[in-house]
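Hi,

Here is the structure I promised to pass on.

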Amino acid sequence: MLLSRRARADEPGFHPFSLEVHGFVSQGFMLSSSNNYLTNSRRGSFELTEVGINFTKTITDDLSVGMQLFMRDLGPVGNYKPLFDWFYLDYHFRDWLGLRAGRTKLPFGLYNDQADIDAARVPVLLPQSVYPTTQRDYLLAQTGFELYGYQRLPLVGALDYRAYGGTIFIDQTTLASSAVTVKKIDVPYVVGGRLLWRAPTPLDGLSLGGSAQLLRIDLDLGLNPATSAALAQAGLVPATFDGNMKYRLPAFLWVGSLEYAAHDILLAAEYSRWHVGLDVRPPIAPDQHQTQTRWYVMGSYRAASWFSPGAYYSVLQNGVAGPNTRNKYQQDFAVTTRFDINQNWLVKLEGHYMRGTAALDPVLNSNIPLGDLSRVWAVFMAKTTAYF
Amino acid sequence: MPKHPRVPEALRRDAVRPIRRAVLACFVLALAAALPARAGDAPPEFRVIAHPLLPATSVERAFVADVFLKNVTRWRNDEAARPVDQRLDADVRRRFSDSVLRRSVAAVKTYWQQRIFSGRGVPPPELESDEAVVRYVEAHPGAIGYISGAAPHGKTKVLTVTP
C-alpha cells in the first residue's frame, strides 16, 4: 500500500510497520572559467543529473529490508544507467549491535554515505578533497556485511560505530577507453569501520571520530595492438608482449572527523590521508606508492526556514617528490546558498574559487597535461532538487 | 539653625533593621505569590506522553532525543519504542525539537533526509494533531509522543523529562 506517510498515519488503526517510499530528482548546471571540471563545464553543462527512488519495509521491530534505485549523469560518469544504489536486510539484535547484509553505503568520514543526497546538505558539491564525486563508484558502497551499534555511556555521551567487510562492484564499462580494454575488474576485499563519539550535554551536537578503510582493486587490461607495439618499440615490454596487463591497486584510507551540529549551525572539519599503491605486470613502470593529504573545514547556518548560506575550504595535496607544481594540489574555496522553496523543493547556487589542477581529468581537458592547465580558475553551479 | 541631635550609631542600626526586614519579607512574599501563579496557571509548552502500560514515569532528555532520532529503539524494559512526531509546521514540534532534540525542525528534517536516502532508517510517522498523537500513543504499546501543554492527554501517561 503506497500511501503518503502523513495521510496514512492519521488513519485509525495506522500500523507502524508500513512500506516507506521516498525519492528525489535533481538537475544542475555548471560553468567554469577555464578548465573543464567534472563535465564539459567551460561551455556550460547540464550533465549534472541525479534520480533516485527507495523502498523501505519494516517487517518486525527488529527486521527491515530496503533498496534504492539510482541513476545519474555527471559528464562522462553515469550516463543515466540505473543501478541498485543500496539494498539490505537489517536485523537489530540490540541498540548496541545490529547486522546488515547486502549492498550498504560505506561509512567513511562524516558524509560519504550521504554523498548523493542533495537535500541533506547545504552545498551542491561536498568538499571534493575528501568526497570526490568522480570516485563515487569505488568509494560509496560495498556488498557484504556490516555490524553497527549505538551505545550511550553514563555521563560521557555515546558511541556510534560501524564495521564492514565485503567487496565493491565496479562497472567495468565505466573504465573503457580507446587504448585499453578492461577485461576484468575485481575488488577482492574492502574492510573498514567508523567510530564516532557523540558528546553529552552541554556539548550536544558535537561529534568526534575516525574512519579507516583497506581495499585492493585488481584490473586485467588489454592494450590495443598499436599501444602494445609502441611499448615494445620503447623497450618497456618484451617483443613477445601480448597486450595483457595486470594492475593491482592496494589502498589504505583514513579520516579524522569533527562536527558540531546543533540548532541551525553546522561546523565540520576533516583530515584524511590516502595511501595508494600501484603494482603493474609486466613492469612497464616501477611500482609506485603515493600518499595524498586531504582536508577541509566547512560551515553553514540556517538563517531562515528558506535560506541557508554556507562555505568551505577544501585542500587536496598529492605527496609526490619535487616542487609543489599546480598538478600536485587543488585548493577549493566555495561559497554556497540553499533556498528551500517549500518542504519538498530546493534551489542551490554555488561558486568555487580554485587553485591547482590535481583533481582534474585530463580526458575532459583534451588530454592536456594537468601541469599545463590554468592554475587559478572558477566554477559556478546551480542545482534544483525535488524530493519526498 | 538648630543642629539635629546626633543619633548614636547603634541606635540607628536598630531602627533600620526592622525596616530592612519588612522590605525583604514583602519582596519574598511577592515572589512566592508570583511563582506558584506562573507555574500553576500557565501550561507547559509541551508534554511528553507514553503508552499507559509503560512502567517509566520519568525519562532523561537525552534518552527521549535518542528515541526520536531512532538511535535507541527500545525502552529499558525491552519494549520496542515507537516514537510519533507532529507536522513539520506545528508549533509544538518546534518547541519539542528545540528543547529536547536540541536541533531546529529543519535540521531534524535534514537528519532524516540523510538517513532515508542512505538506507539507514525512516523517520517516525507524522500525525496531524495532538488528538491524533494521543490516539496513536494509546493504541500502540511502547509508543511515545508529545502534545501541546494544554491538550488533554487521554489515557496516556505523561512522562517527566529530566535534564
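Below are some notes on the contacts between the chains, the core and one glycine.

This is a predicted model, in which local features need pLDDT of at least 70, side-chain atom pairs count only at pLDDT 80 or more, and totals for chains, interfaces and linings use all residues. Residues are numbered from 1 along each chain as its sequence is written, while chains are lettered from A and ligands numbered from 1 in the order in which they are written.

Between the chains, 40 residues of chain A are in contact with 29 residues of chain B (contact: C-beta atoms, placed from the backbone, within 7 Å). On the chain B side, α2 (61–68), α4 (105–117), β5 (126–127) and α5 (130–139) each supply at least two residues. Helices here are DSSP runs of H or I with at least four residues, and strands are runs of E with at least two, numbered from the N terminus. The largest share of that side, 7 residues, belongs to α4(B).

The largest nonpolar core has 82 residues. Such a core is a set of buried Ala, Val, Leu, Ile, Met, Phe, Trp, Tyr and Cys residues joined through C-beta atoms within 7 Å; buried means 20 or more other C-beta atoms within 10 Å, with C-beta atoms placed from the backbone. B:I49 is among the residues with the most contacts inside this core, and B:V137, B:Y146 and B:I147 are among the residues that B:I49 touches.

In chain A, A:G192 sits in strand β8 (residues 180–198). A:G192 is buried, with 21 other C-beta atoms within 10 Å. A:L214 is 22 residues from A:G192 in sequence, yet their C-alpha atoms are 6.1 Å apart.

Best wishes

Note on methods:
Two residues are in contact if their C-beta atoms, placed from the backbone, lie within 7 Å. A residue is buried if 20 or more other C-beta atoms lie within 10 Å of its own, exposed if 12 or fewer, and partly exposed in between; C-beta atoms are placed from the backbone. Lists of a residue's contacts leave out its neighbours within four places in sequence.
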